[in-house]
Amino acid sequence: MQLFLEQLTNGLAVGGIYALIALGYTMVYGVLKLINFAHGDLFTIGAFFGLTLLLSLGLTSHIGPVAGIIVLVLMVMGLVALIGALLERVAYRPLRTSPRLSAVVSALGASIFFQNAIMLIYGARFRVYPHDLLPTTTVSFLGVSIPVMRIVLFGASLVMMAGLYYFVQRTKTGTAIRAAAIDQGAAKLMGIDVNRVIMYVFLIGPALGGAAGVMVGMYYGQINFTMGWVYGLKAFTAAILGGIGNIPGAMLGGLLLGVIEAMGATYISLAWKDAISFMVLILILIFRPTGLLGERVADKV
Amino acid sequence: MKPATIINVLVVATLLVAPYWLNAYWVDVLNSIGIYAVLALSLNVILGYAGLFHMGHAAFFAVGTYTTAILNTQFGIPVLWLMPLSGLTAGFFALLVARPIIHLRGDYLLIVTIGIVEIVRIALVNNVFGITGGSNGIFGINRPELFGYVIRTPHEFYYLIFGFAAITVLLFLRLENSRFGRALNYIREDDVAAEGSGIDAAHYKLVAFVLGAFWAGMAGTIFAAKMTIVSPQSFTFWESVVMFTIVILGGSGNIRGVLLGAFLIVGLPEVFREFAGARMLVFGAAMILMMIFRPKGILPAQPRTYNLDFLAGPRGGGK
């Protein structure tokens with residue numbers, strides 16, 4: 001039981017990170033019907049920007065650890081959002097009307113470009129995050145000791161998801177995003193600037209992905225230029241699991257996948273951890289391609 | 001002679017004599033190009049002719065390679081004899097995994113095939129069934145023997161690989177212009193219309209998968225024989241991406257384009273070896289630019305042409 005609860009909290013912490021990345025995939029897919037293969041690499045860029053800013057600015061020692069990390073994450077989110085918007089401008093906008101395969105190949109090209117750019121700038125070796133950022137203490141709950149780090153990460157991802165949910169459901173821009181996801185043509189006729197909506201999507205998704213990058217750096221302590229695609233693929237699995245194009249679905253899918261993976265690693269086999277996620281992906285696509293919360297079936301498969 | 005024929009003759013002649021002027025290193029580069037060319041041609045059946053977004057070809061290649069490696073090292077069966085068997089194993093594996101996913105369209109299929117290639121790699125690393133040798137792989141694969149002659153040096157392998165590539169090209173040219181090839185093209189262009197014309201789309205797609213996998217498995221035998229060591233690192237997702245890009249950038253559905261793609265995508269990085277990291281950066285940027293400015297590849301597939309002169313008839317009835 002203790003092991004179970006420990007793995008549950010671990011799964012939820014990691015799942016929160018998956019959910020944040022998955023939101024980027026699902027929002028882009030919702031509006032453009034494009035799998036943004038470079039999204040995982042935007043996440044990596046976030047992790048590396050976070051490291052650079054941590055080491056160069058020393059924010060945590062100037063304005064205290066809590067405020068320092070919050071400012072840091074916000075800065076990373078801003079920077080990665082800019083790169084995301086730039087990516088859309090350069091690699092995806094010219095292909096808006098092309099066959100889908102062209103955009104997918106372009107996305108793969110962007111992914112290769114980003115990965116190698118990160119490698120050229122930061123080197124191919126693992127880089128280590130300073131490990132004294134978050135408290136390493138644990139709290140005891142129902143006889144289970146939970147690292148405070150997990151609670152902080154889980155809480156942070158919940159806050160960001162709640163913020164996004166509010167933004168998408170309650171604001172005018174959010175409504176425009178939902179409208180464009182349902183029917184771009186009709187949204188245009190209703191006076192929605194679809195280009196602007198797509199730009200917002202490519203600002204928000206990468207921002208959340210970048211934040212997730214910093215969180216992974218703090219949780220696992222080390223980052224590498226290739227880590228983006230494993231996280232990307234898992235987050236994509238999470239998005240499919242919840243129903244691609246569906247924002248609450250991505251959140252649910254992320255948390256669920258994190259827990260499934262943690263349980264699978266504990267009770268089945270650690271070595272097969274990644275394979276379990278991909279099996280989930282394949283099984284979902286075979287048996288319920290619309291995902292758990294997906295509804296629109298017709299044009300999905 | 002038509003210009004195309006002259007170019008074909010020139011290319012074949014150059015390939016025949018090229019090893020005489022090249023050292024072992026460059027012949028080895030050509031050998032890699034040859035293997036990738038065969039792999040890309042086999043992927044072309046699935047991705048080019050049938051238009052299925054399949055990005056897990058390295059999985060089938062891996063199954064073929066490991067079949068050869070295991071049977072050769074365990075039972076000492078001569079390598080080249082294992083070629084059809086490796087192909088069959090890979091084809092059977094493709095049948096098993098493609099059957100449930102064949103109805104998936106577009107990028108869904110793409111993602112699932114990526115998942116499959118990763119699962120295969122993880123299975124190999126974890127020494128599945130205790131026969132794949134884990135992350136170290138399998139070593140000590142015998143050299144292939146052809147008519148009592150043992151093939152060892154890169155120069156000798158060159159003729160084996162390019163001989164196989166030549167057979168592949170000839171057979172796939174026949175395939176392209178067969179009833180089967182036309183059916184696949186029809187499915188690629190419009191699968192609903194193809195179904196309407198009596199083509200069993202799911203069946204044809206599945207056959208395309210199995211055929212492509214069969215050929216990739218046979219290429220696996222040659223790969224295993226050339227390397228003498230096989231390990232899971234050779235079958236990552238990126239291997240699949242390389243094959244995928246060769247087909248797409250070279251000219252999906254066009255054998256000439258795919259061959260050119262293999263030369264450019266495997267060969268050029270070797271030429272620019274001194275630029276190490278930056279060449280992949282350029283490669284990524286080139287993929288984006290290609291899709292924007294030349295989305296059908298360097299040598300796009302040509303529309304089929306049919307000679308309809310007979311309709312005109314001797315009395316000029318067609319006028």
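In this predicted model, H4(A) passes H9(A) in a right-handed crossing. The axes of helix H4 (residues 65–92) and helix H9 (residues 194–220) of chain A come within 7 Å and cross at roughly 135 degrees. Chain A also touches chain B, in a contact that takes 34 residues from chain A and 32 residues from chain B. The points below cover helix packing in chain A, the contact between the chains, two long helices and the residues that follow them.

**Packing of H4(A) against H9(A)**

- By class, the residues of the contact of H4(A) with H9(A) comprise 16 nonpolar, four polar and one charged.

**Packing of H6(A) against H9(A)**

- Helix H6 (residues 148–170) of chain A packs with H9(A) at an angle of about 175 degrees, and the two axes are 11 Å apart.
- Angles over 145 degrees count as roughly antiparallel, and H6(A) and H9(A) are therefore roughly antiparallel to each other.
- H6(A) contributes A:Met149, A:Leu153, A:Ala156, A:Met160 and A:Leu164 to this contact, while H9(A) contributes A:Ile204, A:Leu208, A:Ala211, A:Met215 and A:Tyr219.
- The residues of the contact of H6(A) with H9(A) are ten nonpolar, with no polar and no charged residues.

- On the side of chain B that touches chain A, the elements giving two or more residues are helix H4 (82–101), helix H5 (106–125), helix H10 (237–251) and helix H12 (276–293) of chain B.
- H5(B) gives the most to this side, with twelve residues.
- The side of chain B that touches chain A has 24 nonpolar, five polar and three charged residues.

**H1(A) and the residue that follows**

- Helix H1 (residues 2–32) of chain A has 31 residues and reaches 44 Å between its first and last C-alpha, close to the 45 Å expected at 1.5 Å a residue.
- Of the 31 residues of H1(A), 23 are buried, so this helix is largely enclosed by the rest of the structure.
- Just after H1(A) comes A:Lys33, which has a positive phi of about 55 degrees although it is not a glycine.
- A:Lys33 lies in the loop between H1 and helix H2 (39–57) of chain A.
- A:Lys33 has 17 other C-beta atoms within 10 Å and is partly exposed.

**H9(B) and the residue that follows**

- The 27 residues of helix H9 (residues 201–227) of chain B should span 39 Å at 1.5 Å a residue, which agrees with the 38 Å between its end C-alpha atoms.
- H9(B) is mostly covered, with 21 of its 27 residues buried.
- B:Thr228 is placed in the loop between H9 and strand E4 (229–230) of chain B.
- B:Thr228 counts as partly exposed, with 16 C-beta neighbours inside 10 Å.

Conventions: Residues numbered from 1 in each chain as written. Chains lettered and ligands numbered in written order. Predicted model: local features only at pLDDT ≥ 70, side-chain atom pairs only at ≥ 80, totals over all residues. Contact = placed C-beta atoms within 7 Å. Helix = DSSP H or I, 4+ residues; strand = E, 2+ residues; numbered from the N terminus. Nonpolar A, V, L, I, M, F, W, Y, C, P; charged D, E, K, R; others polar. Expected span 1.5 Å × (residues − 1). Buried ≥ 20, exposed ≤ 12 C-beta atoms within 10 Å, placed from the backbone. Axes fitted to C-alpha atoms, helices over the stretch in contact; angles between N-to-C directions. Left-handed = near helix turned anticlockwise from the far one by under 90°. Parallel < 35°, antiparallel > 145°, perpendicular 65-115°, else oblique.
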